[in-house]
Amino acid sequence: VIKCKAAVAWASGKPLSVEEVEVAPPKAGEVRIKIVATGICHSDDHVLKGSLPNVEFPVILGHEGAGIVESIGAGVTSVKPGDKVIPLCLPQCGECSYCRNPESNYCQKFHFSEPQNLLPDKTSRFTCKGKQIHHFVWVSTFSEYTVVPEYAVAKIDAAAPLDKVCLFGCGFSTGYGAAINTAKVKPGSTCAVFGLGGVGLSAVMGCKAAGAARIIAVDINKDKFAKAKELGATDCINPRDFKKPIQEVITEMTGQGVDYSFEAIGHRDTMIAALASCNMNTGLCVMIGELDSGSEITIDPTLLLTGRTWKGTLLGGSWKMRECIPKLVANYMDKKFNSDLLITHTLPFAKVNEGFELLRAGK
């Protein structure tokens with residue numbers, strides 16, 4: 001058993017509490033990882049607000065991390081102690097019908113099919129003050145050590161800088177993959193990206209990498225515009241600068257609407273605006289943002305009847321995570337893109353709550 005520090009969420013609506021926790025050794029088919037770096041993602045904040053379904057408290061959050069294998073359980077063959085790895089919040093069990101489908105990146109072991117609050121044997125590896133602490137999507141990167149099933153671990157290049165590639169565990173892969181895989185953006189096309197946080201900026205990078213001719217970046221925080229332009233946006237617009245709905249502005253700017261639109265915020269209104277801003281005949285709108293649990297959206301059916309496509313994506317769509325994360329890291333090492341520009345602050349672990357304050361402030 002390892003004693004280490006972890007940020008425990010004891011209840012929703014309360015800040016995280018950095019505590020000493022005990023992390024049990026890995027059982028058969030499991031891997032214990034020393035987490036070196038973790039990003040903070042809005043999904044973690046959704047849990048703290050109580051707006052993500054099926055999460056049980058107390059819990060150790062965090063799902064965008066990178067680390068080094070400390071020990072392995074019986075039967076583990078794909079990684080060994082000392083390997084650099086990224087734990088995967090979307091597992092790849094390799095056995096379910098989704099994993100066997102070459103076009104799918106979903107796995108039936110994922111949280112939306114069956115909660116990942118405990119490891120597959122329905123027990124936890126975390127205790128604090130004598131209490132069992134729940135896992136979060138099996139990853140729980142807000143702990144100095146964590147235990148995950150082998151099929152939720154990707155081995156990466158030994159030279160990769162863990163404090164940079166931790167973003168590939170969620171935010172970067174999600175946004176970049178939404179453009180490359182889910183939308184399959186074509187060269188010379190026009191795109192609109194709603195929301196310029198880490199995921200939206202990664203979508204901008206994906207659109208640029210795919211050869212889009214025009215990328216319209218949309219946010220109410222104009223402080224995001226310089227970074228968006230650096231990453232490939234050709235136009236930046238703030239909905240608050242206009243008297244008319246932003247979808248009308250985008251339609252006027254492009255003549256008929258964009259070929260591809262991406263919603264990376266998670267609000268009803270912006271999801272409808274993103275759908276309406278792509279052209280009515282062949283436009284494709286990709287929903288990346290996460291709505292609060294239990295939310296519903298009402299749309300005018302003619303938005304779809306005329307030919308638009310509206311689809312969702314999860315962690316970059318059609319990427320089998322265990323196979324594709326190592327390739328993405330290799331592309332990063334080959335300087336095919338510069339995801340380092342997404343990193344705004346680097347804080348010591350004890351300041352995890354300050355990180356959430358920066359996130360909520362749009363910084």
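Residues are numbered from 1 along each chain as its sequence is written, and side-chain values use heavy atoms, with hydrogens and water left out. Because the model is predicted, local features need pLDDT of at least 70 and side-chain atom pairs count only at pLDDT 80 or more, while totals for chains, interfaces and linings use all residues.

**The two domains**

Colour residues 2–170 together with 317–361 as domain 1, and residues 173–312 as domain 2; these bounds come from an automatic or database domain assignment. The domain centres, taken over C-alpha atoms, lie 28 Å apart. Domain 1 brings 19 residues to the contact and domain 2 brings 17, where contact means heavy atoms within 4.5 Å.

**The face between them**

Between them the domains bury about 1,500 Å², with 54% of that on carbon and sulfur atoms; buried area is the accessible area (1.4 Å probe) that two parts lose on being put together, summed over both.

**Salt bridges**

By this rule the count comes to 11 salt bridges. Go to aspartate 83 and lysine 155, whose closest N and O atoms are 3.9 Å apart; aspartate 83 sits in the loop between β5 (65–72) and β6 (84–87), whereas lysine 155 belongs to strand β10 (residues 153–155), 72 residues away. Aspartate 83 is buried at 8% relative accessible area, and lysine 155 is partly exposed at 40%, with buried meaning under 20%, exposed over 50% and partly exposed in between (1.4 Å probe, protein chains only).

Then select aspartate 235 and arginine 214, which meet at 3.0 Å, N to O, and which join strand β13 (residues 235–237) to strand β12 (residues 214–218). Aspartate 235 is buried at 18%, while arginine 214 is partly exposed at 23%.

Glutamate 252 and lysine 244 form another bridge, at 2.9 Å, N to O; here glutamate 252 is exposed at 54%. Finish with Lys27, Glu30, Asp121 and Arg125, which salt bridges with shared partners join into one network.

Methods:
A salt bridge is a side-chain nitrogen of Lys or Arg within 4 Å of a carboxyl oxygen of Asp or Glu. Helices (H or I, at least four residues) and strands (E, at least two) are DSSP runs, numbered from the N terminus.
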